[in-house]
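Me: Hi! Can you walk me through this structure while I have it open?
Reply: Happy to, let's have a look together.

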Amino acid sequence: MTHDLPSPEKPLKIGTRGSPLAMAQAYETRRRLSEAFDLPQEAFQIIVIKVTGDAIQDRPLKEIGGKGLFTREIEEDLLSGKIDIAVHSMKDMPVDQPAGLLLDTYLPREDVRDAFISADKDGIAALAQGAVVGTSSLRRKAQLLNRRPDLQVVEFRGNVQTRLRKLAEGVAECTFLAMAGLNRLQMDEVPKHAISPDDMLPAVAQGAIGIERRADDAATAALLEAIHDGPTGQRLIAERAFLAQLDGSCETPIAGLAELNGTSLRLRGEVLRPDGSESIADEATAPIEDGAELGRAMAAKLLKQAGPGFFDWHS
């Protein structure tokens with residue numbers, strides 16, 4: 001490597017949200033960089049940035065601006081040079097990056113599944129008729145109502161700890177979190193049951209950590225290359241191409257999951273009406289190198305299948 005490495009005197013600045021999960025992801029990034037270059041952790045400085053999405057907890061994301069609420073302030077600091085890289089949960093990332101920024105480094109993907117969280121139930125089938133469930137995810141809400149239209153779904157925003165507190169207070173009988181987040185926070189005590197993707201297809205890029213940088217920062221690009229996980233990148237290329245072709249905002253219930261098998265990539269996708277009244281799904285396989293094309297083709301097929309009127313609620 002021809003560029004100077006970070007040092008405690010001149011550290012690489014890592015920007016992140018301040019939630020416990022976001023901090024855990026930043027710590028993982030720092031650890032991997034430290035180990036890759038045999039540097040002390042002090043050579044990497046974690047900087048917490050307040051974002052609008054964390055400040056507003058009482059309204060659905062789609063009402064206040066969508067996914068960009070978790071990234072805007074961080075990306076502004078990245079562009080201005082206040083930080084050198086930004087660590088993100090990929091499921092929160094819009095498909096389009098601001099000019100001058102690149103998102104092309106991914107850490108090894110965690111468990112992609114959703115977790116059913118309840119003190120005394122082991123899954124959706126065990127819920128009584130008309131049970132109250134809590135989720136802030138438009139995708140999860142639509143999937144739940146598609147399978148169980150009798151359920152009552154209430155808004156359940158906040159970080160992992162906030163949602164668990166709401167559950168303990170009896171706001172709902174159960175909630176749903178990503179297995180990846182619970183694993184990264186080592187929250188083994190949480191009463192959870194993993195939901196198979198066959199029963200609830202996860203959000204696009206769920207379980208993946210992405211690292212964003214300035215496009216013209218060659219030194220940082222060289223650093224990040226050492227910790228990039230190729231297979232995760234291959235899967236996300238297909239999933240995010242699928243998402244981009246459909247709708248990259250938080251305003252459409254979309255699920256998608258790519259899996260590798262040798263030289264092949266299997267992609268599953270689903271799009272739903274927000275009230276769960278209709279679900280359209282597909283799956284297909286292609287060579288790994290054709291993942292982006294497969295994602296776009298599947299999205300086009302689902303859009304055609306949906307036909308006129310399916311997205312009228314969106315406009």
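Me: Great. Where is Ala205?
Reply: Ala205 sits in the loop between β9 and β10 (209-214). Bear in mind that this is a predicted model.

Me: What is phi for Ala205?
Reply: Ala205 has a positive phi of about 70°, although it is not a glycine.

Me: And is Ala205 buried or exposed?
Reply: Ala205 is buried, with a relative accessible area of 1%.

Me: OK, now Gln186. Which loop is that in?
Reply: Gln186 belongs to the loop between α7 (179-184) and β9 (192-195). Its phi is near 55°, again a positive value in a residue other than glycine.

Me: Buried or exposed, that Gln186?
Reply: Gln186 is exposed, at a relative accessible area of 64%.

Me: Switching to Asp229, where does that one lie?
Reply: You'll find Asp229 in the loop between α8 (218-225) and α9 (230-246). Asp229 is buried yet has no salt bridge.

Me: Next, the strands. How do β12 and β13 pair?
Reply: Strand β12 (residues 264-272) and strand β13 (residues 279-287) pair in the antiparallel sense, over nine bridges. Arg268 stands opposite Glu283 in β13.

Me: What's between the two strands?
Reply: Six residues, making a hairpin of β12 and β13. Gly276 in the turn has a positive phi of about 75°.

Me: Which residues touch the most others in the largest nonpolar core?
Reply: Met90, Phe242, Ile254, Leu265 and Leu267, out of 27 residues in that core. β4 (101-106), α9, β11 (254-261), β12, β13 and α10 (291-306) each supply at least two residues of this core. Apart from it lies another core of 18 residues, among them Leu12, Phe37, Ala43 and Leu224.

Me: Last one: how many residues of α5 are buried?
Reply: Seven of the 10 residues in helix α5 (residues 138-147), so to speak mostly covered. The buried ones include Leu138, Arg139 and Arg140. At the start of α5, a side-chain oxygen of Ser137 reaches to within 3.3 Å of the backbone nitrogen of Arg139.

Methods
Residues numbered from 1 in each chain as written. Predicted model: local features only at pLDDT ≥ 70, side-chain atom pairs only at ≥ 80, totals over all residues. Heavy atoms only, no water. Helix = DSSP H or I, 4+ residues; strand = E, 2+ residues; numbered from the N terminus. Buried < 20%, exposed > 50% of the residue type's maximum accessible area, 1.4 Å probe, protein only. Lys, Arg positive; Asp, Glu negative; His and termini not counted. Salt bridge = Lys/Arg side-chain N within 4 Å of Asp/Glu carboxyl O. Pairing = 2+ DSSP bridges. Polar contact = N/O pair within 3.5 Å; in protein donor to acceptor, adjacent residues only side chain to side chain. Core = buried A, V, L, I, M, F, W, Y, C linked by side-chain atoms within 4.5 Å.
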